[in-house]
Amino acid sequence: MATFVTRAQWGARDPKARSTDIDPARGGVAVHHTGATRFAASSHSGCAGQVRGIQNHHMDTNRWDDIAYTYLVCVHGSIYEGRGVGIRTAANGTNDSNDRYYAVCGLVGGTSSSYDAVTDALIDGFRTAIARLRSVGGAAADIRGHQAFLPTECPGRLGNHMSAMDPGSSGDPGDPPSPDIPPFPGVLLHYPPVTVHSSARTWQQRMKDRGWSITVDGAYGEQSRRVCLAFQQEKGLTVDGVVGEKTWYAAWSAPVTTAAATGSGAALSGAAGSGAPATAAAPDWPGVLFTWPPRTVHPGVRVWQRRMRERGWDVPVGGAYDRRSREACVAFQEAQGLNPDGVVGPATWHAAWTSPESPESPADRTP
Ligand SMILES: [Zn+2]
Ligand SMILES: [Zn+2]
């Protein structure tokens with residue numbers, strides 16, 4: 001049975017940034033290997049060090065935010081947590097594939113004439129990792145090799161084992177039970193004025209369980225609305241601050257992101273064992289989405305504009321989010337690998353403070 005190794009357990013460094021802009025329900029899982037030289041460690045005691053070495057290479061040499069992969073699997077059957085569920089990867093080679101596919105890398109490599117042994121434990125590890133990405137990460141059923149997205153040798157000989165890696169649809173022993181989903185109550189939760197209804201308590205409790213800082217009191221007020229807005233934006237829902245049917249069901253069915261680029265009243269508690277998100281230096285997200293048109297006027301706009309100017313963007317600092325602000329926002333989002341929707345929400349807000357000045361390339365290559 002495969003063993004799961006958390007970031008803390010293998011000694012991961014904290015990521016420089018994280019993007020939650022991934023929609024694996026429209027893709028699935030991509031399979032990788034480490035490259036054209038044999039790689040597998042002869043003894044399992046060497047595997048964690050290999051994972052740390054890959055992370056160092058990706059962060060220091062390639063200047064990426066973190067180790068590129070979602071998970072890594074060794075020939076002894078251990079699964080190492082990379083970026084983890086709900087986080088966009090940098091491994092698949094194209095924006096579209098990074099938008100939709102998790103990336104799992106086998107710690108094996110070689111050429112057609114000399115390749116590491118593809119062990120049963122390795123395949124079992126892939127199967128367990130993929131089951132987990134489906135059950136807690138929201139991945140669709142598709143599994144494909146890296147070479148499906150662009151010309152590459154990757155995943156080498158692993159390409160012969162793709163169907164054996166498929167956990168099937170029958171549910172894996174390691175799957176957590178899916179929560180019972182309460183039916184949408186038919187009442188729209190909105191603010192202002194405060195909506196007081198028993199379903200507000202149900203929704204608040206669920207959001208709290210997902211890691212959001214929210215008071216569970218049955219009254220949908222300003223704080224609940226702020227959480228709702230951030231959640232809707234993160235999940236690609238209509239961002240209106242109203243808990244309707246889609247937002248209600250997404251609270252139960254959408255993957256829980258382990259770290260988050262959200263702040264303020266919408267701060268997620270830190271993900272266990274994976275280190276604090278690198279967002280400490282960012283001021284709280286003001287809880288208002290900046291959009292254009294029509295222009296958004298808010299004190300927070302000025303704060304964001306000033307920060308963008310500090311980063312070298314040509315935006316007027318006037319407190320009104322207008323066409324030029326939006327153009328800078330879209331370009332910034334594209335450079336950072338965020339969803340380029342031209343809306344400054346919590347993820348884009350935080351990235352303005354915490355993302356590196358020279359961001360990782362949106363179409364990173366893979367070793
Ligand atoms: Zn690859
Ligand atoms: Zn190992």
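Predicted model: local features only at pLDDT ≥ 70, side-chain atom pairs only at ≥ 80, totals over all residues.
Residues are numbered from 1 along each chain as its sequence is written, and chains are lettered from A and ligands numbered from 1 in the order in which they are written.

The chain holds 11 helices and 10 strands, taken as DSSP runs numbered from the N terminus (helices H or I, at least four residues; strands E, at least two). Of its 367 residues, 48% count as buried, a residue being buried if 20 or more other C-beta atoms, placed from the backbone, lie within 10 Å of its own. Among contacts between residues at least 6 apart in sequence, 69% join residues at least 24 apart, where a contact requires C-beta atoms, placed from the backbone, within 7 Å.

The largest nonpolar core comprises 45 residues, such a core being a set of buried Ala, Val, Leu, Ile, Met, Phe, Trp, Tyr and Cys residues joined through C-beta atoms within 7 Å. Within this core, Val29, Tyr69, Val73, Ala103, Val104, Leu107 and Ile130 touch the most other members. At least two residues each are supplied by strands E2 (28-32), E3 (71-73), E4 (78-81) and E5 (101-106) and by helices H2 (47-61) and H4 (120-135), with H4 giving the most, 7 residues. Leaving aside residues up to four places away in sequence, Tyr69 touches His32, Gly82, Arg83, Thr89, Ala91, Ala103, Val104 and Cys105. A second, separate core of 35 residues includes Cys228, Phe290, Val315 and Val343.

The axes of helix H9 (residues 299-310) and helix H11 (residues 346-354) come within 10 Å and cross at roughly 40°, the axes being lines fitted to C-alpha atoms over the stretch in contact, with angles from 0 to 180 degrees between N-to-C directions. Trp304, Arg307 and Met308 of H9 meet Trp349, Ala352 and Trp353 of H11.

The axes of helix H6 (residues 198-209) and helix H8 (residues 245-253) likewise come within 10 Å and cross at roughly 40°, and H6 passes H8 in a left-handed crossing. Here the contact is made by Trp203, Arg206 and Met207 of H6 and by Trp248, Ala251 and Trp252 of H8.

Methods. Contact = placed C-beta atoms within 7 Å. Left-handed = near helix turned anticlockwise from the far one by under 90°. Buried ≥ 20, exposed ≤ 12 C-beta atoms within 10 Å, placed from the backbone.
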